[in-house]
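Look through the structure below before you read on. The report then takes its features one group after another.

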Amino acid sequence: MTALFGLFLVIPAVVIASTGADTPFAPGFPSPWASGGSGWDEAYEKAKKFVSSLTLVEKVNLTTGTGWEADRCVGSTGSVPRLGFRAFCLEDGPLGVRYTDHNSAFPAGINVAATFSRDLMRRRGEEMGEEFLGKGIDVQLGPVAGPLGRVPEGGRNWEGFSPDPYLTGVAMAETIKGIQSRGVVACAKHYILNEQEHYRNRIDVRIDDRTMHELYLWPFADAVRAGVGSVMCSYNKINGAFACENEWTTNYLLKNELSFQGFVMSDWGAQHTTLGSALGGLDMAMPGDGGGPPYGALWGGALTEAVLKGQVPQWRLDDMVIRIMAAFYKVKSGNYTSRPDVNFSAWTNKTTGPLHPLSNQSSIGVVNEFVNVQGDHAALIREIGAKSVVLLKNEKAALPLNKPQSMAVIGNDAQDTPGGPNACPERGCIKGTVAMGYGSGTAEFPYLVSPATALELQAATDNTVFTNTTGNWNLAAAKAAASNASAAIVFVTATAGENFITLDGNAGDRNNLTLWDNGDELIRAVASVNPNTIVVLHTAGPVILEYAKQHPNVTAILWAGFPGQESGNALADVLYGRVNPQGRSPFTWGKSVKDYGAQLMFTAPNPALPSQTFDEGVFIDYRYFDKAAIAPTWWFGSGLSYTTFSYARLEIVVHNTTNPYQAAGGLTPPAPTYGTLDRTAGANVVPDGFRKISPYVYPWVSSSANVSGPASVSPTAAINGSAQPVLPAGGAPGGNARLFDVLYTISVSITNTGKVAGTEIPQLYVQLGGEDNPFSVLRGFDEAALEPGQSKTVAFSLTRRDVSNWNTTSQNWEIWDREKFVFVGSSFEAIRLNSTLPPPPASA
Ligand code: NOJ
C-alpha cells in the first residue's frame with residue numbers, strides 16, 4: 001500500500017492561530033470540554049461511567065492510533081484488554097468500504113448531491129453504514145465537506161458534494177444520519193479549507209471570519225447539528241496554524257461555537273506536535289506513529305508523559321476519551337447495538353496474513369473472513385445512478401431513445417476494464433469506463449456494469465444494430481463507426497483524485513478542465529459525421545463544453561458523474577426513459593477555468609511556505625459568475641427533463657410566533673475529571689513480562705522518562721479548567737438553537753405540463769441584499785414527482801440562519817436590515833417566480 005502521508009514536522013511550541021485582521025475575538029483556549037446535551041445525554045452518561053473506570057494508560061490507548069498498517073483497518077486505536085474492550089477500527093471512505101471485498105461501490109458524493117434528494121442522501125448513508133457495520137468497522141471516514149469545491153479542478157471535490165454550502169450541508173446531515181442510524185460513527189472531513197491537493201500538507205490558507213462562517217463552516221455546522229460523532233482535521237494550515245492544532249477552528253469554532261460533542265481525529269499524519277495538538281483540541285491521533293524516540297509517536301507514551309508532567313491537564317485527556325466513547329455509545333441504539341469483530345484486513349486480500357503488518361515480529365493469523373455486506377444495495381445504487389444523471393442538452397427529440405435502428409457506442413469510457421474493474425489500484429489509472437475518482441475515497445468494485453454492456457443488452461432486446469468502438473485516438477475508426485448510426489453515443493471522462501497518486505501528470509487536482517484521453521477531439525470527430533451525436537460525461541466536475549453545447553450535431557449531453565457499480569444500467573434507464581432525468585448540476589460549468597475567479601495554486605511563490613488568501617470571500621461558483629457577469633455554459637442547478645413543468649402561486653407565510661433571538665451566554669461548568677490517575681512511575685511503564693512488538697505504538701512511558709514538570713511550557717489559558725463563557729452563536733450542536741427557528745414558509749404550486757411522468761427539483765434562492773452578498777444563494781430545494789397534468793404544492797422553510805449574515809464584531813448571526821428577495825425556479829438562472837421577502841417577524 002502507498003504511504004498516504006508526508007513528513008512529520010515536530011514543532012515544539014504551541015502555535016497561536018491568528019484569526020485575521022477583522023476578527024477581534026480571543027483565540028480558543030482552553031479546549032472546550034464536552035457536556036452532553038441535545039441528543040448526547042445518554043451516550044455521555046455511559047461514556048462517563050466507562051471513562052471513570054480507566055487508568056491513565058488505558059485512556060491514552062484509546063486516543064492514539066497504533067501505527068500505519070499496525071492493525072487491520074486504515075486506522076486502529078489501542079484497546080482496553082482489562083475490560084474486554086477491543087480497539088476502534090476506522091476505515092475509509094465516503095462512497096463505500098475501502099480496501100476490502102464483497103462490499104458495494106456506491107455513487108460518489110457529487111452524484112448524490114446532483115439528485116437534490118434528501119431521501120436518496122439518507123438511504124445511501126444507511127446502506128453504507130450497514131456495510132461498514134458488517135465489516136466490524138466503528139468509524140466510517142466520510143462524508144466530505146472539505147473540499148467544498150472552491151476551485152473546479154480540486155482533486156477531491158467529487159468525494160464531497162457541491163460548492164454550494166447549503167446543498168452540501170443538507171447532504172452532510174442526511175448522510176450522517178443515515179450512517180449513524182446503522183450503528184457506525186460518521187466522520188465529517190476534512191476540517192477545514194482543504195480545498196486543493198497541491199501543497200496540501202503545508203499550505204497556509206488565510207481566510208476572514210465572515211467567509212469562514214457563511215461558506216466553509218456552514219456544512220460542518222449542519223454535520224454537527226445532525227449529531228456527527230467525529231470530525232477529521234485536515235492537512236493544511238489556517239491563518240498560520242495547522243488544522244489539527246488550530247485553536248480557532250477546533251476549539252473556538254467547532255467545539256465552542258458549534259458545541260461539537262464528538263471527537264476530532266487527525267487526518268493521517270496531520271498531527272505535528274504533542275502539546276499543540278492536545279491543547280488545540282485534537283482527541284485522536286491517526287494513524288498514530290510518526291514521532292521521534294523513545295515513543296515513535298507524538299502521542300501514546302508521549303501523551304502519557306505530558307499528562308504526568310501537567311503539561312496536558314487530566315481534564316483534557318479525560319475529555320478526549322469522553323468524546324470518543326460518547327460518539328461510540330451514541331450510535332449504538334435501536335436495532336444496531338451490536339459490535340461485530342473486525343473481519344477484514346485492509347492490507348491483504350488473502351485469508352491469512354500478519355496481524356500487525358507494520359512489524360516484522362508480527363504473528364500470522366486469519367485476517368480476512370470475506371463477509372458479504374452488499375445486501376440488496378445494488379437497487380439503490382442504480383436508482384441514485386439514474387437520478388443523478390444531469391441532462392444538459394436534448395434537441396431534435398434525441399432522447400429518450402426508442403428502439404433506434406442502429407447505435408454506435410464510441411469511446412474507452414464506455415468499456416469494461418481489461419483485468420476487471422479494480423485493475424487500476426485505487427483507480428489510479430484509466431483502462432475502461434470511469435465510475436469513481438482515485439485515491440483514498442475509493443472502494444473496490446464488486447462488479448462494474450459498463451455502459452457498453454448495458455447498452456448492448458438493451459440493443460439486443462430492441463433489435464438495434466449495435467457497434468462498439470474503442471480507441472479514443474483513432475478518430476478515423478470512430479468516424480467510420482459513427483457515420484451511419486441512427487444514434488452515436490460518445491463516452492468521455494475527466495477524473496481527479498488524491499495527490500498520493502499522479503495520473504497522467506495530474507497530481508490529484510486536475511491540471512485543466514479539458515477532457516482526458518483525447519475526449520474533446522473524439523466528440524468533434526463523431527459530431528462531424530453524425531447528426532445525432534449524444535455525449536455522455538463521466539467527470540469529476542465541470543469540463544469546458546461550450547463547443548459541444550453549440551454544435552448542431554450534438555443533440556444531447558448528459559453528465560453521469562461517478563455513478564458507482566451500476567453505471568451502465570443506471571445510464572440506460574435514463575437514455576431509454578425508464579427514469580425521466582431529474583439530476584441537477586451541483587456546480588456551474590464555465591467556458592474557461594479563468595471564469596471561476598478563485599484559482600487553484602499550482603505553483604507557490606514560496607514553495608517552502610505556500611500560502612493563499614481566499615480573498616474572493618463567499619464568491620465561488622455561481623455566486624462569482626453572477627457577480628462578474630460571466631455567462632457560463634450551464635449554471636448551478638441546471639438539468640432538463642423529458643417533460644415540462646410550470647410554476648404558480650408563490651406564497652410567503654411569516655411566522656410571527658417565534659420568540660426573539662437570544663444570544664447564548666453564561667458559563668460552562670468547570671472542566672470535569674473522571675477517576676483518579678495513578679501518577680506513580682510503576683503504574684505507567686510497560687508491565688513486567690509484556691512483549692512489545694516494534695514499532696507498534698504503546699501508551700506507556702519509557703522507563704527512563706522524567707515525568708515531573710515543567711507544566712509551564714503550556715500556555716496558562718490552555719490548561720485552565722475553570723468555567724468558561726458560552727459564545728453568543730453557540731450553546732447547542734450546530735450553533736445557537738434559535739438559528740434554526742423557521743421564520744418563513746414559502747410555497748409554490750408546480751404542474752407537470754408535459755406528456756410523461758417526471759420529477760421537478762424546485763429550488764429556492766434568497767437575496768440577502770447588499771453588494772457584499774451574492775445576488776442570491778440557494779436556501780431550499782425539494783423534489784416533486786408528478787404525473788402528466790398533476791399539480792403539487794411544495795413548501796420551503798427558511799430559518800433564521802438562512803436569512804442572516806455573520807457579524808464579525810458581535811460574533812453572531814444577524815438579520816441585516818436590507819431589502820430581501822426570494823426566487824423560485826429550476827436552476828440559479830431559470831427563475832420562474834419571485835417576490836420581495838417581507839421583513840422578519842417583529843418578535844424575531
Ligand atoms: C488521508 C486522506 O486525506 C483521508 O481522507 C483518509 O481518510 C486518510 N488518508 C486515511 O486513509
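## The ligand and its contacts

An oxygen atom of the ligand lies 2.9 Å from an N or O atom in the side chain of K189. In this report, a polar contact is a pair of N or O atoms within 3.5 Å; within protein, one must be able to donate a hydrogen and the other to accept it, and residues adjacent in sequence count only if both atoms are side-chain atoms. The side chain of H190 also has an N or O atom at 2.6 Å from an oxygen atom of the ligand. For the side chain of R156, the distance between such atoms is 2.7 Å. How much of the ligand's accessible area does the protein cover? The protein covers 100% of the 290 Å² that the ligand has on its own. Accessible areas come from the Shrake-Rupley method with a 1.4 Å probe; for residues, only the protein chains shown count as cover.

This is a predicted model, where local features need pLDDT of at least 70 and side-chain atom pairs count only at pLDDT 80 or more, while totals for chains, interfaces and linings use all residues. Residues are numbered from 1 along each chain as its sequence is written, and side-chain values use heavy atoms, with hydrogens and water left out.

## The shell around the ligand

Which residues are closest to the ligand? They are D92, R156, K189, H190 and D267, and 14 residues surround the ligand in total. A residue is near a molecule or strand if one of its heavy atoms lies within 4 Å of it. By class, the shell has seven charged, five nonpolar and two polar residues.

## Two cis peptide bonds

Now follow the backbone. The peptide bond from K189 to H190 is cis, with omega near -10°. H190 lies in strand β4, residues 185-191. Helices (H or I, at least four residues) and strands (E, at least two) are DSSP runs, numbered from the N terminus.

D92 and G93 are also joined by a cis peptide bond, with omega about 0°. G93 sits in the loop between β2 (89-91) and α3 (109-114).

## Positive phi values

Y99 is found in the loop between β2 and α3. Its phi is near 60°, a positive value in a residue other than glycine. Is Y99 buried or exposed? At 9% relative accessibility, Y99 counts as buried. Buried means under 20% relative accessible area, exposed over 50%, and partly exposed in between (1.4 Å probe, protein chains only).

R427 has a phi near 60° too, and R427 is not glycine. R427 lies in the loop between β13 (406-410) and α12 (451-462). R427 is buried, with a relative accessible area of 8%.

## Aromatic rings

The structure holds 31 aromatic pairs. Why does the pair of F690 and Y698 count as edge-to-face? The ring centres are 5.6 Å apart and the planes lie at 85°, so the pair is edge-to-face. Rings of Phe, Tyr and Trp (its six-membered ring) pair if their centres lie within 6.5 Å; planes under 30 degrees apart count as stacked, over 60 as edge-to-face and the rest as tilted. F690 is partly exposed at 40% relative accessibility. Y698 is buried at 13%.

W806 and W813 form an edge-to-face pair as well, with ring centres 5.4 Å apart and planes at 70°. W806 is buried, at 1% relative accessible area. W813 is buried at 8%. One aromatic cluster includes F116, Y166, Y596 and W635.

## Charges over rings

The charged end of R225 sits over the ring of F740, 3.8 Å from its centre. A charge sits over a ring if NZ of Lys or CZ of Arg is within 6 Å of the ring centre and within 35 degrees of the ring normal. K237 lies over the face of F242, at 5.0 Å from the ring centre.

## Two loop residues

S162 lies in the loop between β3 (139-140) and α5 (165-180). S162 is buried, with a relative accessible area of 2%. Its side chain reaches the backbone oxygen of P586 at 2.8 Å.

A705 lies in the loop between β19 (645-654) and β20 (742-752). At 22% relative accessibility, A705 counts as partly exposed. A705 and A302 are 403 residues apart along the chain, and their C-alpha atoms are separated by 9.6 Å.

Notes. Ala, Val, Leu, Ile, Met, Phe, Trp, Tyr, Cys and Pro count as nonpolar, Asp, Glu, Lys and Arg as charged, and the others, Gly among them, as polar.
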